[in-house]
Amino acid sequence: MSSLSKSPAAAPEGEGGVRLDLWLWAARFFKTRALAKKAIELGQVRIDGQALKPSRTVRPGVVLAVERAGERYEVEVRGVADQRGPASVAQQLYVESEASIAARLAEREKRRFEAQGYQPPETRPNKRQRRLIQALGDLDAL
């Protein structure tokens, strides 16, 4: 097998890469390697719009587009690790672009406002509900 770093810390840039599914797991994008592999196979992880395989080698400098839980992350790989470490170490493995952060926060706000907005009823109102609607519309009569 290749000579991979056995420490959870980021490897120096001169060292080789690691498997994509392993890196996503070590960088804490996914809870398990199986979930990372499934996301890659479903096309939720891309490089330049290309569909990838879980065995693809990731090296520092590569820019990944990761879609997770309805949110899209544009990250640049800064280091590689083949073991999952603490979150503080995992955050050093990549850097997210400012545009990605802004787009993700804007999308989150949009979803929050949509959840608070008007929700149309699933069925037509019955007789009692129609009377309540009419009463609300005729507030001057009260």
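This is a predicted model: local features need pLDDT of at least 70, side-chain atom pairs count only at pLDDT 80 or more; totals for chains, interfaces and linings use all residues.

Q: Okay, in what order do the five strands sit in the open sheet?
A: The order is S3-S2-S5-S6-S7, with antiparallel pairing. Strands (E, at least two residues) and helices (H or I, at least four) are DSSP runs numbered from the N terminus, and two strands pair if DSSP finds at least two bridges between them.

Q: Which strands stand at the edges?
A: Strand S3 (50–51) and strand S7 (94–96) do; each has a single partner strand, so one side of each is left without a neighbour in the sheet.

Q: And which helix packs on the sheet?
A: That's H4, residues 98–116, which touches S6 and S7. Contact here means heavy atoms within 4.5 Å. The direction of H4 makes about 165° with that of S6; axes are lines fitted to C-alpha atoms, for helices over the stretch in contact, and angles run from 0 to 180 degrees between N-to-C directions.

Q: Is Ser100 buried or exposed?
A: Ser100, which lies in helix H4, is buried at 5% relative accessible area. The cut-offs are under 20% for buried, over 50% for exposed and partly exposed in between, with a 1.4 Å probe and protein chains only.

Q: What does Ser100 touch?
A: Leaving out residues up to four places away in sequence, Ser100 touches Arg72, Tyr73 and Glu74.

Q: How many bridges pair S5 with S6?
A: Six, in the antiparallel sense, with S5 covering residues 63–68. Arg68 stands opposite Glu71 in S6. S5 and S6 form a hairpin with two residues between them, and Ala69 in the turn has a positive phi of about 55°.

Q: What about S6 and S7, how many bridges join them?
A: Three, and these strands run antiparallel too. Val75 stands opposite Glu96 in S7.

Q: Switching to charges: what does Glu96 form a salt bridge with?
A: Arg104, the closest N and O atoms being 2.8 Å apart. A salt bridge is a side-chain nitrogen of Lys or Arg within 4 Å of a carboxyl oxygen of Asp or Glu. Glu96 is buried at 16%, and Arg104 is buried at 13%.

Q: Which residues are joined into one network by shared partners?
A: Arg19, Asp21 and Arg33. Arg19 is partly exposed at 33%, whereas Asp21 is buried at 3%.

Q: How many salt bridges does the count come to?
A: Eight. One of them joins Arg78 and Glu76 at 4.0 Å, N to O; Arg78 is partly exposed at 44%, and Glu76 is partly exposed at 30%.

Key: Residues are numbered from 1 along each chain as its sequence is written. Side-chain values use heavy atoms; hydrogens and water are left out.
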